[in-house]
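Here's a quick briefing to read alongside the structure. Keep the viewer open and click through the residues as they come up.

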Amino acid sequence: RCWTKPSAEHGSTLQFAARRDLLYCVRTEPAYMMLDVTSYIKGSPEPYVFVHRVCGSDVAATTADGPAVPAGANCVVPSNLGPLRHAGGTLAKDAIHPMGLCRAKATSVPCPRHPLGTIRAMVHSGLDAGCIALPTAQGREPDDPMTKRLALEGLVAEDVRILQE
């Protein structure tokens, strides 16, 4: 089951101006899994991507609600709305494009060129290592020597080299 929703909080002055930028999908069998996808807009001439852009008569309400980044003729990117609000509403395009490759088991999948910068731009209270595809000792066999090493040392240079392959 999948659904979309805007990242604007209920009661925000921009609640109805924000687009549906979040996609959630849930599967409960054979195991519970939730996919949380955030979309962004990259087609503007600015050197950054953004999640929301408000134009026209809504600009006054946007700037009254907090700071905003200019984004074209009579448009602004609200700096305090959406998943990029902790980065001022924007993320440098070159943090994402050209896309890089990450490993998902034995498969190469596209990922942002600078994934750490992307993650930092989207940091929020619910984001932790369990939300992203990085090795963690949580949920592993506690007596396994590699789990013990990971819990004690965290990711080391050799781990990062293997992840980059």
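Let's start with a strand pair: E2 and E3 run antiparallel to each other and share six bridges. Keep in mind that this is a predicted model. Overall, the protein chain carries four helices and 10 strands, and buried residues account for 25% of its 165 residues.

- Going from E2 to E3, the chain makes a hairpin through five residues.
- Within that pairing, Val-26 has Met-34 in E3 as its bridge partner.
- E2 also pairs with E1, again in the antiparallel sense, this time over four bridges.
- Put together, three strands make an open sheet in the order E1-E2-E3, with antiparallel pairing. E1 and E3 are the edge strands, each pairing on one side only.
- From one strand to the next, the twist averages 15°.

- Leu-23, Met-33, Leu-35 and Val-37 make a nonpolar surface patch of about 290 Å².
- Strand E3 (residues 33-38) is the biggest contributor, giving three residues to the patch.
- Leu-35 belongs to strand E3. Its relative accessible area is 41%, so Leu-35 counts as partly exposed, and the cut-off for joining a patch is over 30%.

**Aromatic pairs**

- How many aromatic pairs does the structure hold? There are two.
- Trp-3 and Tyr-24 make a tilted pair, with 5.7 Å centre to centre and 45° between the planes.
- This pair ties together distant parts of the chain: Trp-3 is in strand E1 (residues 2-5) and Tyr-24 is in strand E2 (residues 22-27), 21 residues apart.
- Is Tyr-24 buried or exposed? Tyr-24 is buried, because its relative accessible area is 14% and the cut-off for buried is under 20%. Trp-3, at 30%, is partly exposed.
- Tyr-48 and Phe-50 make an edge-to-face pair, 6.3 Å centre to centre with 65° between the planes.
- Tyr-48 is buried at 11% relative accessibility, and Phe-50 is buried with a relative accessible area of 0%.
- In general, the distance of the centres and the angle of the planes are what describe a pair of aromatic rings.

- Strand E5 (residues 54-55) runs antiparallel to E7, joined by two bridges. Val-54 is found opposite Val-76 in E7.

**Cis peptide bonds**

- Most peptide bonds are trans, as a general rule, but here are some exceptions to look up.
- Glu-29 to Pro-30 is a cis peptide bond, with omega near 0°. Pro-30 is in the loop between E2 and E3.
- His-97 and Pro-98 are also joined by a cis peptide bond, with omega about -5°. Pro-98 is in the loop between strand E8 (90-92) and strand E9 (100-104).

- The salt bridge count comes to one.
- Arg-149 and Glu-153 form a salt bridge, with their closest N and O atoms 3.6 Å apart. That meets the cut-off of within 4 Å.
- Arg-149 and Glu-153 are four residues apart in helix H3 (residues 145-153), so about one helical turn separates them.
- Glu-153 is partly exposed, at a relative accessible area of 47%.

**Order of the elements**

- To find your way along the protein chain, read the elements from the N terminus as β-β-β-β-β-α-β-β-β-β-β-α-α-α.

Technical notes:
Residues numbered from 1 in each chain as written. Predicted model: local features only at pLDDT ≥ 70, side-chain atom pairs only at ≥ 80, totals over all residues. Heavy atoms only, no water. Patch = residues over 30% accessible without salt bridge, like charges linked within 9 Å, V, L, I, M, F, W, Y side chains within 5 Å. Areas by Shrake-Rupley, 256 points an atom, 1.4 Å probe, with all protein chains shown as cover. Salt bridge = Lys/Arg side-chain N within 4 Å of Asp/Glu carboxyl O. Buried < 20%, exposed > 50% of the residue type's maximum accessible area, 1.4 Å probe, protein only. Phe/Tyr/Trp six-rings, centres within 6.5 Å; stacked < 30°, edge-to-face > 60°. Pairing = 2+ DSSP bridges. Axes fitted to C-alpha atoms, helices over the stretch in contact; angles between N-to-C directions.
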